[in-house]
Amino acid sequence: MGSLSDSELVEVEGVLQQGRDVEEPTETVVGLLPPEAMAVPLAAKTKDRVITAMVDLAAATGLLWDPAKMIDAVRSREKMHPTAMPGGVALLHPRRPLSGILGGPFLAYGRTVQQIPFASGRDSLTDIFFLLCSTDDTQHLRTLARLSRLIGDPEFLPALREAPDAVATRALIVQSEAQLDA
């Protein structure tokens, strides 16, 4: 999704909404992001520790019932194809949604103090991490599209890096999403 334009991402969100029996409001990133699933800074200096720390954040919500299974699924996905994107952000997630170990869809967010190697090759240093905990494919793709739209804003990632704590980060996400929907 990282290579799609903003208009293409809006289209993806719309297509995934079609065919639903009930008109649902657009799911927001901030609506999926419980405050207890945010860490600024995230205490991690290696890829493996980032994955563990992000899953620990997710488990703190009470919505993740099997952290070990999530860790294994995210590690397997990262071995298959790293989720790090240009700009120093990674959208961690299992290959397929794990509805059997989740109480509902949500996100976790962490930002490390310094960028760490997260993927091989160019643009491999990463400091901003989102963990997508999805219960079905449609919701997962809608969340990916929404996050990709935010990340595509050239001011968003630098502003995340300037946010001093989770409260300021959350306020920034609220403001940035409001601009998406304006």
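This is a predicted model: local features need pLDDT of at least 70, side-chain atom pairs count only at pLDDT 80 or more; totals for chains, interfaces and linings use all residues.
Local features need pLDDT of at least 70 and side-chain atom pairs count only at pLDDT 80 or more, while totals for chains, interfaces and linings use all residues. Residues are numbered from 1 along each chain as its sequence is written, and side-chain values use heavy atoms, with hydrogens and water left out.

Helices (H or I, at least four residues) and strands (E, at least two) are DSSP runs, numbered from the N terminus. Helix 3 (residues 47-59) packs against helix 4 (residues 67-80) at an angle of about 140°, and their axes are 10 Å apart. Axes are lines fitted to C-alpha atoms, for helices over the stretch in contact, and angles run from 0 to 180 degrees between N-to-C directions. The two helices are therefore oblique to each other (angles under 35 degrees count as roughly parallel, over 145 as roughly antiparallel, 65 to 115 as roughly perpendicular and the rest as oblique). In contact (heavy atoms within 4.5 Å), residues including Ile 51 and Val 55 of helix 3 meet residues of helix 4, among them Ile 71 and Val 74.

Strands pair if DSSP finds at least two bridges between them. Strand 4 (residues 106-117) pairs with strand 1 (residues 38-39) in the parallel sense over 2 bridges, and Met 38 stands opposite Tyr 109. With strand 5 (residues 125-133), strand 4 pairs in the antiparallel sense over 8 bridges; here Phe 106 has Cys 133 as its bridge partner.
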